[in-house]
Amino acid sequence: MLATVFDPSLGGRDFDRIIMNTIREDFQKSYKIDSYSSIKAKLRLRNECEKAKKSMSTIAQPIPISIDSFIDDKDVSGKISRNEFESLAKPLFDRIRTTLLNLLKEARRFQMKKKLCRIEKHRYMFRINTK
């Protein structure tokens, strides 16, 4: 391993949150309900959004998100496409890109240090052998 770099405040939950907020807005417009009004409703929405996120990696069509007896015994459904998700998640993808670029810089810096150490070692050995 040459280097490690990380963003401690970036993870899968951030991507789930993007889907959750999008579907929440859709449910507010379509069904006039707030998905965050109760903890139980929010957890059910999170579970469905996490499933949708996982499905997006294999399915290109819009992913349906349906929840039976969600709030006030209403059955609700919405959709999110991979393209829509990618455009909403662009800031997160940019953060990942920045982290990876920093990782490459750090690895290059480590390799340069390693090369300099080898050069210094050889210079030192050369000095000892010539005396």
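1. Asp14 is buried, at 16% relative accessible area. Buried here means under 20%, exposed over 50% and partly exposed in between, with a 1.4 Å probe and protein chains only. The side chain of Asp14 meets that of Arg17 in a salt bridge, 2.9 Å from N to O. Such a bridge needs a side-chain nitrogen of Lys or Arg within 4 Å of a carboxyl oxygen of Asp or Glu. Both residues lie in helix α1, three residues apart, about one turn of the helix. Arg17 counts as partly exposed, at 43% relative accessibility.

2. This is a predicted model: local features need pLDDT of at least 70, side-chain atom pairs count only at pLDDT 80 or more, and totals for chains, interfaces and linings use all residues. Residues are numbered from 1 along each chain as its sequence is written, and side-chain values use heavy atoms, without hydrogens and water.

3. The chain has four helices and two strands, in the order α-α-β-β-α-α. These are DSSP runs numbered from the N terminus: helices are H or I with at least four residues, strands E with at least two. Of the 131 residues, 24% count as buried.

4. Helix α1 covers residues 12-31 and reaches 28 Å from first to last C-alpha, close to the 28 Å expected. The expected span is 1.5 Å times one less than the number of residues. Just after α1, Lys32 has a positive phi of about 55 degrees.

5. The largest nonpolar core has 23 residues; Ile19, Phe27, Leu45, Phe70 and Phe85 touch the most other members. α1 gives the most to this core, with six residues. A nonpolar core joins buried Ala, Val, Leu, Ile, Met, Phe, Trp, Tyr and Cys through side-chain atoms within 4.5 Å.

6. What does Phe85 contact, leaving aside neighbours within four places in sequence? The partners are Phe15, Ile18, Ile19, Met56, Ile80 and Phe93. Contact means heavy atoms within 4.5 Å.

7. Ten salt bridges are counted. Asp34 pairs with Arg24, the closest N and O atoms being 2.8 Å apart. This pair links the loop between α1 and α2, where Asp34 lies, to Arg24 in helix α1, ten residues away. Both count as partly exposed: Asp34 at 29%, Arg24 at 22%.

8. In helix α2, Lys54 and Glu50 are four residues apart. Their side chains meet at 3.7 Å, N to O. Lys54 is exposed at 55%, whereas Glu50 is partly exposed at 22%.
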